[in-house]
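Have the sequence and the 3D view side by side, and let's take it one region at a time.

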Amino acid sequence: MVATVGTAAPLFAQAAEPVQLASDVFIERFEAAPGGGRIRVLERADQLRAGDRVIFVVNWKASRTREFTVTNPMPRSISFQSSARDDQEVSVDGGHTWGALPDLIVHLGDGQWRHARAEDVTHVRWRVPGELAALGAGQMTYRGVVR
């Protein structure tokens, strides 16, 4: 399966003042390096194949020092893996319920429930506190694998 990728998944920032968001998607590959080692190579993602490891980079710019929240839906073709920040929250139900992944559960539809797994994540969000917003710009990154 090959899928094409736009420059970014839709992003939403909730703030009293404007927050500018831009994102990029990269494929992470490892290649042989001189001397027998391996090097990590990031390539802009134009096409994705099942099994590709991808890194999403979300850059923000804020003109004020008030807290804001950035929410990013996970594309259905990508299974969430991790975020570079420990304070991210995830949703496994389309953005209705939020929390740390180990604290969430998924209804299986037959009266059964199970603990949520990374592949269940539908959205990722980060709260940017005022002291970070005061810096004027920042970045969040998270990883996924193409299903």
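Grid points are joined across faces, edges and corners, and the volume is the space filled by probe spheres set on the points. Two notes on the source: this is a predicted model, where local features need pLDDT of at least 70, side-chain atom pairs count only at pLDDT 80 or more, and totals for chains, interfaces and linings use all residues. Residues are numbered from 1 along each chain as its sequence is written, and side-chain values use heavy atoms, with hydrogens and water left out.

**The pocket**

The largest pocket holds about 160 Å³ of space. Its lining is made up of Met74, Pro75, Arg76, Ile78, Glu119, Asp120, Val121, Thr122 and Arg147. What kinds of residues are these, by nonpolar, polar and charged? Four are nonpolar, one is polar and four are charged. (Ala, Val, Leu, Ile, Met, Phe, Trp, Tyr, Cys and Pro count as nonpolar, Asp, Glu, Lys and Arg as charged, and the others, Gly among them, as polar.)

**The open sheet**

Strands here are DSSP runs of E, at least two residues long, numbered from the N terminus; two of them pair if DSSP finds at least two bridges between them. Five strands make an open sheet in the order 4-3-6-13-8, paired antiparallel. Strand 4 (38-44) and strand 8 (78-83) sit at the edges with a single partner strand each, so one side of each has no neighbour in the sheet. On average, neighbouring strands of this sheet are turned by 35° against each other, direction ignored. (The axes behind that angle are lines fitted to C-alpha atoms.)

Strand 3 (residues 19-32) and strand 4 run antiparallel, joined by seven bridges, and Glu28 has Leu42 in strand 4 as its bridge partner. Arg40 is in strand 4 too, while Arg143 belongs to strand 13. For both, let's call a residue buried under 20% relative accessible area, exposed over 50%, and partly exposed in between (1.4 Å probe, protein chains only). Arg40 comes out partly exposed at 46%, and Arg143 is partly exposed at 31%.

| Pair | Apart in sequence | C-alpha to C-alpha |
|---|---|---|
| Arg40 and Phe30 | ten residues | 4.6 Å |
| Arg143 and Ile78 | 65 residues | 9.2 Å |

Strand 7 (residues 68-73) is mostly covered, with five of its six residues buried. Six bridges tie strand 7 to strand 12, and the two run antiparallel; Thr71 has Arg125 in strand 12 as its bridge partner.

How many aromatic pairs does the whole structure have? A search finds three. (Rings of Phe, Tyr and Trp, using its six-membered ring, pair if their centres lie within 6.5 Å; planes under 30 degrees apart count as stacked, over 60 as edge-to-face and the rest as tilted.) One of them, Trp60 with Phe68, is edge-to-face, at 5.1 Å centre to centre and 75° between the planes. Both Trp60 and Phe68 are buried. Trp126 and Tyr142 have ring centres 5.5 Å apart and planes at 45°, so that pair is tilted. This pair links distant parts of the chain, with Trp126 in strand 12 (residues 123-128) and Tyr142 in strand 13 (residues 137-146), 16 residues apart. Trp126 and Tyr142 are both buried, and together with Phe56 they form one aromatic cluster.

Technical notes:
Helices (H or I, at least four residues) and strands (E, at least two) are DSSP runs, numbered from the N terminus. Axes are lines fitted to C-alpha atoms, for helices over the stretch in contact, and angles run from 0 to 180 degrees between N-to-C directions. On a 1 Å grid over the protein atoms alone, a cavity is a set of points where a 1.4 Å probe fits but cannot get out, and a pocket is an open set with protein on both sides within 12 Å along at least five of seven lines; lining residues have an atom within 4 Å of a point.
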